[in-house]
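Here is a short briefing on one protein chain. Please look over the sequence and the structure first.

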Amino acid sequence: GAKKRQPRRRAIRAGLLIDMQRPPFSNFNSVVWVTWPMAMTKAAYQEFIAVSRSALHPEFSEEFRWSAIMFMLIDTQSDSEEYEAILELNVLEADGFFVPKKIKVASGVDDEGNTGFNFMLPDETWPVEAPLVEAS
């Protein structure tokens, strides 16, 4: 029979989570030696990462916004495997201004038994799971 997909992978395939180890984010992650699995809810992605191109600020990119979150995480990461925190970030917006926002990060063991990080809005809960779909 077909192998049952694990919750994180299923949620990524269903579009509920964004894989933050894919390009362009993996480029920055490799520079700072961040190899653990990471995912972000769709709502958090829209709030913290997604950008509309701005001629006023051509350096404004999704990868740049991601790097700010990663630097904050690296600064606050604890040694425990189970970790949950609300990070306060100054998020660069397309108009060039920084706006204070909060993002929740929760670590836990992923589908393969590795510690991974999951980013979400403060009012979202983990785990985010896609419903099982029966193969026809």
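The notes below go from the overall fold to single residues.

The model is predicted. The protein chain holds four helices and five strands. Their order from the N terminus is α-β-α-β-α-α-β-β-β. Of its 136 residues, 40% count as buried.

**Overall picture**

- The protein chain exposes about 8100 Å². Carbon and sulfur atoms supply 55% of that area.
- Take the contacts in the protein chain with a separation of 6 or more: residues 24 or more positions apart account for 53% of them.

**The β3-β4 hairpin**

- Strand β3 covers residues 83-92, and strand β4 covers residues 98-109. The two pair in the antiparallel sense, over ten bridges.
- Five residues lie between the strands of this hairpin. G96 sits in the turn and has a positive phi of about 90°.
- L92 stands opposite F98 in β4.
- In a regular strand, side chains alternate between the two faces of the sheet.

**Salt bridges**

- The structure holds two salt bridges.
- One joins the side chains of E47 and K101, at 2.9 Å from N to O. This pair links distant parts of the chain, with E47 in helix α3 (residues 42-48) and K101 in strand β4, 54 residues apart.
- E47 counts as partly exposed because its relative accessibility is 34%, between the 20% and 50% cut-offs. K101 has a relative accessible area of 15%, so K101 is buried.
- K102 forms a salt bridge with E88; their closest N and O atoms are 4.0 Å apart. K102 lies in strand β4 and E88 in strand β3, so the pair ties together parts 14 residues apart in sequence.
- K102 is partly exposed, at 44% relative accessibility. E88 has a relative accessible area of 55% and is therefore exposed, the cut-off being over 50%.

**K101 and a ring**

- What does the charged end of K101 sit over? It sits over the ring of F48, 6.0 Å from the ring centre.

**Aromatic pairs**

- The count comes to five aromatic pairs.
- F25 and W66 have ring centres 6.0 Å apart and planes at 70°. Planes over 60 degrees apart count as edge-to-face, so this pair is edge-to-face.
- The F25-W66 pair links distant parts of the chain: F25 is in helix α2 (residues 25-31) and W66 in helix α4 (residues 62-76), 41 residues apart. Both F25 and W66 are buried.
- W36 and F117 form a tilted pair, with 5.2 Å centre to centre and 50° between the planes. This pair also links distant parts of the chain, W36 being in the loop between α2 and β2 (38-41) and F117 in strand β5, 81 residues apart.
- W36 counts as partly exposed, at 26% relative accessibility. F117 is buried, with a relative accessible area of 3%.
- Ring pairs link F25, Y45, W66 and F119 into a cluster.

**N118 in strand β5**

- N118 is found in strand β5 (residues 115-120).
- Is N118 buried or exposed? N118 counts as buried because its relative accessibility is 2%, and the cut-off is under 20%.
- Which residues does N118 contact, leaving aside its neighbours within four places in sequence? They are R8, A39, K104, V105, A106 and W126.

**Backbone points to check**

- Most residues other than glycine have a negative phi, and most peptide bonds are trans.
- The peptide bond from P23 to P24 is cis, with omega near 5°. P24 lies in the loop between β1 (17-19) and α2.
- W33 is not a glycine, yet W33 has a positive phi of about 60°. W33 is found in the loop between α2 and β2.
- W33 counts as exposed, at 74% relative accessibility.

How values were computed:
Residues are numbered from 1 along each chain as its sequence is written. This is a predicted model: local features need pLDDT of at least 70, side-chain atom pairs count only at pLDDT 80 or more; totals for chains, interfaces and linings use all residues. Side-chain values use heavy atoms; hydrogens and water are left out. Two strands pair if DSSP finds at least two bridges between them. Buried means under 20% relative accessible area, exposed over 50%, partly exposed in between (1.4 Å probe, protein chains only). Contact means heavy atoms within 4.5 Å. Rings of Phe, Tyr and Trp (its six-membered ring) pair if their centres lie within 6.5 Å; planes under 30 degrees apart count as stacked, over 60 as edge-to-face and the rest as tilted. A charge sits over a ring if NZ of Lys or CZ of Arg is within 6 Å of the ring centre and within 35 degrees of the ring normal. Accessible areas come from the Shrake-Rupley method with a 1.4 Å probe; for residues, only the protein chains shown count as cover.
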